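Biologist: I should like to learn how to read a structural model feature by feature. Would you take me through one, giving the general idea before each case?

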Amino acid sequence: MLTAVTTAEEGEGPPPHLWLDQRGAGWLSSVLIVGVVAGEVEGMLAARVGPRPPAGARCPDCDGELRGCWAGYERWVRFSKRVERLRIGRSLCRGCGKTHALLPSFVVPRRLDAAPVIGAALELAAAGRGHRPLAARLSLPATTVRGWLRRARAQAALLASRLWRLAQELGALAPRAPPHDRPLAVLVRAVEAAHAAAARRLGEAGLPDRWGLLVAVVGEALLSHRSSPWAGALPAARIASDG
Ligand SMILES: [Zn+2]
């Protein structure tokens, strides 16, 4: 189970599990994304309980040890027509005493729709599909899908640069971006590069799929309303206050 995504500040390269200090980027203060491999998603949904703190999990505020897991709140997650309820746990930091919600990587913070669904839409749109056929294919309102695509396009260059940085930290070669590429194509290629680099460096076994990795790297900035993911966001599809 992947637990986070490292950044360059880690020094000696990524730990066995990836870990993302989202507070360091100023995005989310009390949500930790716990990577869930694809084969574990269904079991988690069936149990209706989100992930526990992974071994070695550290507090993003003080680097203290996170221990235990308590019931936090319940939230919905939608996979096209299917909607599931999930109990999101919280873990306590032994250092500073703060609690942190533990979100699985198939959930996008503050969003109803699951990461693989949003990711599939981004991928198909990058290949040239319009939002209406995409919405029909995903059984979702066209306005919802159009909103994702607009926001993801607005963030694509910034998010892609962060993903390429991660890919290079994990040993990938610097990208040679084709000129005049569409923003979503740039983003999708960066996601694939980061995921491939993580798989080569850390092995496939503990990795979530590439959309789960994207959530772990960028959190709610994926579909931020604002021009900068550092500015925070109040997404329209919020149904539970993650964090
Ligand atoms: Zn702490």
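Modeller: Let us begin with burial: a residue is buried under 20% relative accessible area, exposed over 50% and partly exposed in between, using a 1.4 Å probe and protein chains only. Strands and helices are DSSP runs, numbered from the N terminus, with at least two residues (E) for a strand and at least four (H or I) for a helix. In strand β4 (residues 99-104), five of the six residues are buried, so β4 is largely enclosed by the rest of the structure. This is a predicted model, in which local features need pLDDT of at least 70 and side-chain atom pairs count only at pLDDT 80 or more, while totals for chains, interfaces and linings use all residues. Residues are numbered from 1 along each chain as its sequence is written, and side-chain values use heavy atoms, with hydrogens and water left out.

Biologist: Which strands are joined to β4, and in which direction do they run?

Modeller: Two strands pair if DSSP finds at least two bridges between them. Strand β1 (residues 31-34) runs parallel to β4 and is joined to it by four bridges; here Val31 stands opposite Ala101. Strand β3 runs antiparallel to β4, with three bridges, and Arg90 has Ala101 as its bridge partner.

Biologist: How many residues lie between β3 and β4 in their hairpin?

Modeller: There are five, and Gly97 in the turn has a positive phi of about 85°. The hairpin of β2 and β3 has two residues between the strands, and there Ser80 takes a positive phi near 55°. Strands β2 and β3 run antiparallel and are joined by eleven bridges; across this pairing, Leu66 stands opposite Cys93.

Biologist: Which residues are the protein donors of the zinc ion?

Modeller: Donors are N, O and S atoms within 2.8 Å of the metal (3.2 Å for Na, K and Ca); water is not among the atoms, so sites may look incomplete. In this model the SG atoms of Cys59, Cys62, Cys93 and Cys96 lie 2.3 to 2.4 Å from the zinc ion. Along the chain, these donors follow the spacing C-x2-C-x30-C-x2-C. Cys59 lies in the loop between α2 (38-47) and β2 (66-79), and Cys93 in strand β3 (residues 82-93), so the pair ties together parts that are 34 residues apart in sequence. Cys59 is buried, with a relative accessible area of 3%, and Cys93 is buried at 2%.

Biologist: Why is the arrangement around the zinc ion called tetrahedral?

Modeller: Four donors count as tetrahedral if all angles lie between 85 and 135 degrees; four count as square planar and six as octahedral if opposite donors are over 155 degrees apart and all others between 65 and 115, and anything else is irregular. The four donor atoms here subtend angles of 92 to 117°, which makes the arrangement tetrahedral.

Biologist: What span should helix α6 have, and what is the distance between its end C-alpha atoms?

Modeller: The expected span of a helix is 1.5 Å times one less than its number of residues. For the 20 residues of α6 (residues 183-202) this gives 28 Å, and the end C-alpha atoms are 28 Å apart, which agrees. Just after α6, Gly203 takes a positive phi of about 90°.

Biologist: What covers the buried residues of α6?

Modeller: The cover includes α3 (115-126), α5 (142-169) and α7 (210-218). Contact means heavy atoms within 4.5 Å. Ala156, in helix α5, is buried at 0% relative accessibility. Leaving aside neighbours within four places in sequence, Ala156 is in contact with Pro183, Leu184 and Leu187. His195 lies in α6 and is buried at 14%; beyond four places in sequence, its contacts include Glu204, Leu207 and Leu213.

Biologist: Which residues have the most contacts inside the largest nonpolar core?

Modeller: A nonpolar core is a set of buried Ala, Val, Leu, Ile, Met, Phe, Trp, Tyr and Cys residues joined through side-chain atoms within 4.5 Å. The largest one has 64 residues, and Phe106, Trp148 and Leu222 have the most contacts inside it. Apart from it lies another core, of seven residues, among them Leu32, Val34, Leu66 and Cys93.
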